Structure formats: structure tokens, C-alpha cells
Amino acid sequence: PASSPEVRGSIRRIALLQSINLEQHRKLPMADLKVALEAAGHTNLATVLQTGNVLFDAPAQVTNAELETELRAEMAAAFDLDVPTLVRDADEWRAVVELDPFRELDPHSSRYVVAFCAEPPEERVVAALDGVDLEEDRWAVHGREIYVSCPNGQIQSPVLQRLGRPKSSDKSSGPATVRTWGTVLRVAAKL
């Protein structure tokens, strides 16, 4: 359920946890995460899938950057895991969906991804992809997101191979995490 900032003084936020439940040693059941975040005072929590997508309400005066730091510390305390986390508000998420630069291609939702970055990655992406044979891949950077249509799959994608897996230690663009278009739409449906 969407919150009403005018009535409640809060904004709906989406926390994107990096590399959760993808590796054996980074297992974090979403039910446990929800309990821990509720205990830390977060409200109106919902999770989407098992890959670290958490919707919650937060006071309007608290910035996304402050929430990223807070959530990371809370997960470290509760689970002894260092989990880089990015936060977007509901309006930012809806803008990602509305932009959809590959709408006309009608890509399969698992072969179309969005990399959410802490900082705008334009220069790094252009440099990394300079001279790469894109094959059938298409990519676009808008703000802090990289949209990639990879019709031959993520593993075979020349764009995703060249960009590499996002690292929390990447100082050129800060933390980043990737979600399929299907996940992006599922989160949007819960806003």
C-alpha cells in the first residue's frame, strides 16, 4: 500500500540490497530481514522476491543516503553481514519504469535489466563499452541507472560482461546492483 506523505509525513522507499541470496554465504531470508527492520523501527515493510528488495516508509526529512547508511548498519548488527544498499523513493522508481528506453523492443523481462548505481555512471560506461561488439545488446544510461537489453541472455551479454558485476568498492560510480525488468515491474506494482 502506498503511503500518503501529506498525511503521514513519510515517503515510500525501496531498498535494494546488493548480492543477497545469490551466494551461499550471503543467505538472508526476507522474513528474517523484515523482522529485523521492523525491530529497528522501519514501518509498512514489504519484500519482493528473495533478492533483496524491501519497500518501507521513512520520514520525508530523512535522505536516501542516510537510509542507505542506516540500513547497512542495521543489517550488519542483526546478521553480521556487510550489505551495500541503495535506496530510491517511489517517485524515482516510477520514473525508471516510465522511462523504459527499450519499450519498442519489447524485450523479455529476464533479458532486460537495470543496474541501479549510487552515482551517475555515464563516463565509466561509455569508456568500458568503447569498441565492444554489442551484438544484439542495447544499453542506455539515464541518471543513476543503466538499462541493458540483452536478448541472448545476461550470461552471454557483451555489455554485461564488459561492465562486470557491480562491486561495492567501485569508486568510479559507488555501489551498484542489478535487477531484471520483471523485478522492477513487480516492485512498481507494490508501490
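## Helices, strands and the model

Helices (H or I, at least four residues) and strands (E, at least two) are DSSP runs, numbered from the N terminus. On this basis the protein has seven helices and eight strands. C117 lies in one of the strands, β5.

This is a predicted model, in which local features need pLDDT of at least 70 and side-chain atom pairs count only at pLDDT 80 or more, while totals for chains, interfaces and linings use all residues. Residues are numbered from 1 along each chain as its sequence is written, and side-chain values use heavy atoms, with hydrogens and water left out.

## Burial and contacts across the chain

Of the 191 residues of the protein, 45% count as buried; the term buried stands for under 20% relative accessible area, exposed for over 50%, and partly exposed for values in between (1.4 Å probe, protein chains only). A contact requires heavy atoms within 4.5 Å. Among the contacts with a separation of 6 or more, 70% are between residues 24 or more positions apart.

C117 counts as buried because its relative accessible area is 1%.

## The nonpolar cores

A nonpolar core is a set of buried Ala, Val, Leu, Ile, Met, Phe, Trp, Tyr and Cys residues joined through side-chain atoms within 4.5 Å. The largest one has 20 residues, and W93 and F116 have the most contacts inside it. Two or more residues of this core come from each of β1 (10-17), α4 (90-99), β5 (112-117) and α7 (181-189). A second, separate core has 17 residues, including A15, L33, F56 and V83.

Neighbours within four places in sequence left aside, F116 is in contact with L16, L86, R88, W93, V96, R144, E145, P175, A176, T177, R179 and V184.

## The second largest pocket

By type, the lining contains six nonpolar, three polar and four charged residues; Ala, Val, Leu, Ile, Met, Phe, Trp, Tyr, Cys and Pro count as nonpolar, Asp, Glu, Lys and Arg as charged, and the others, Gly among them, as polar.

## H42 and its glutamate partners

H42 is situated in the loop between α2 (30-39) and β2 (43-47). The residue counts as buried because its relative accessibility is 8%. Beyond its neighbours within four places in sequence, H42 is in contact with L37, F56, L67, E70, L71 and E74.

The side chain of H42 makes one with the side chain of E74 at 2.7 Å, and another of 3.4 Å joins the side chains of H42 and E70.

## Two aspartates with positive phi

Most residues other than glycine have a negative phi. D80, however, has a positive phi near 55°, and that of D100 is also positive, near 25°. D80 is in the loop between α3 and β4 and counts as exposed because its relative accessibility is 71%.

D100 lies in the loop between α4 and β5; it counts as buried because its relative accessibility is 10%. Not counting residues up to four places away in sequence, D100 touches Y112, Y147 and W181. The C-alpha atoms of D100 and V114 are separated by 9.8 Å, and the two are 14 residues apart along the chain.

## V159 in helix α6

V159 is part of helix α6 (residues 158-163) and counts as buried because its relative accessible area is 0%. Neighbours within four places in sequence aside, V159 is in contact with L129, L134, D137, W139 and V148. From C-alpha to C-alpha, V159 and S149 are 9.0 Å apart in space and 10 residues apart in sequence.

How values were computed: A polar contact is a pair of N or O atoms within 3.5 Å; within protein, one must be able to donate a hydrogen and the other to accept it, and residues adjacent in sequence count only if both atoms are side-chain atoms.
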